[in-house]
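Student: I have the sequence and the structure open. Could we go through some side-chain contacts together, one question at a time?

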Amino acid sequence: MARPSYIFNSSIKKVALKAIAFLALSWIISSSFYYGLNYMYMKSYGGNSGAQINHIIRTKYDAYIFGASRASHHYDPSIIEDKLGLSCFNAGDDGKNATYQLGILQMLLKKHTPKLIVYEIGDLTPSLDGGTVDLYPYYYRDEDIKNILETRDKWAVVKFVFPLYAYNRKFLTISKGFFKSSQPYETGFRPLVGEMHQGEIIRISESLRQSSSIQDVDPYAVASLRSFVHECRERGIDLIFSYSPSYVPSEPTGMDVVRLIAMDSDIPLVLNGENNQFNLNPKLFKDAGHLNANGARLFTQLFVDSLAVIHERAR
């Protein structure tokens, strides 16, 4: 009667051994691809692979612009340099949340402490959660990034068991960035050319008659913003919160939280979301959320006047 039990146990053992062998082989293959992609990624500094991060964290500018797409498209560092005499780089990038901003800052501060940071405030909502993907390649290289990703995702420890996960869906862009490597944007500023389409103007005019929904604030984004402020204060960095113009007069989601953080930490807050010079002026916008090149340069010229006064007071 013991024979069937023996056969059953033997079958389970074979299945288990095959599963272990499969996982081990998968790990070896994953690791092999990882080391190749990691080499290419860390040697890249431009393009659309996300490797522009490598340029940011290895630079030593006096001032940096942080934020998502509105930062990268709205602030011209050359105007800031001319007015303040500070070398400046725009580290903004499309679709990046507050957690991403914190990660970039922490990696930058390991090699350099700037004098000034302008932080373009974005929506503190879960909608930009995907922005942390570009931090994945630094999971094994930087303890702060590891902690950030594991805090946001309880399964991160399991996911990163296979190293290739760090370059999830990036094989083609990384390969292209390595073999056809493009130089990083000279100042990080990415101006948008063109004006708003008439159809979008009409659509927005109609939507203004409708009530907008209230979005929830992401506690991780708030915690990341607070940590960002703490890092700057610890290093003696002048930090300024800014909200640049939008086509429709507005404030970002979570602005009440931003105001509290700014008040608690004595951070200057420069708000231009309801600036009549820009609001509802389609000639200065590429789309509803972003200034075009002309609008961005006009805004930077106005902003830098406020920045100069604030920076002088901080000295």
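**Side chains and their partners**

Student: Is Asp305 buried, partly exposed or exposed?
Tutor: Asp305 has a relative accessible area of 38%. Buried means under 20% relative accessible area, exposed over 50%, and partly exposed in between (1.4 Å probe, protein chains only). Since the value falls in the middle range, Asp305 is partly exposed.

Student: What kind of model is this, and what is left out of side-chain values?
Tutor: This is a predicted model, where local features need pLDDT of at least 70, side-chain atom pairs count only at pLDDT 80 or more, and totals for chains, interfaces and linings use all residues. Residues are numbered from 1 along each chain as its sequence is written, and side-chain values use heavy atoms, leaving out hydrogens and water.

Student: Which residue forms a salt bridge with Asp305?
Tutor: A salt bridge needs a side-chain nitrogen of Lys or Arg within 4 Å of a carboxyl oxygen of Asp or Glu. For Asp305, the closest N and O atoms of the pair are 3.5 Å apart, and the partner is Lys83.

Student: How many residues apart in sequence are the parts that this pair ties together?
Tutor: Helices here are DSSP runs (H or I, at least four residues), as are strands (E, at least two), numbered from the N terminus. Lys83 lies in helix 4 (residues 77-84), while Asp305 lies in helix 12 (residues 293-314). The pair therefore ties together parts that are separated by 222 residues.

Student: Asp142 forms a salt bridge with Lys110; which of the two is buried?
Tutor: Their closest N and O atoms are 3.3 Å apart. Lys110 has a relative accessible area of 47%, so Lys110 is partly exposed. At 8% relative accessibility, the buried one is Asp142.

Student: How many aromatic pairs are there?
Tutor: Rings of Phe, Tyr and Trp (its six-membered ring) pair if their centres lie within 6.5 Å; planes under 30 degrees apart are stacked, over 60 edge-to-face and the rest tilted. By this rule, the number of aromatic pairs is 19.

Student: Are Phe160 and Tyr165 stacked, tilted or edge-to-face?
Tutor: Their ring centres are 5.0 Å apart. Because their planes stand at 90°, the pair is edge-to-face.

Student: Over which ring does the charged end of Arg70 sit?
Tutor: A charge sits over a ring if NZ of Lys or CZ of Arg is within 6 Å of the ring centre and within 35 degrees of the ring normal. For Arg70, the distance to the ring centre is 4.4 Å, and the ring belongs to Tyr243.
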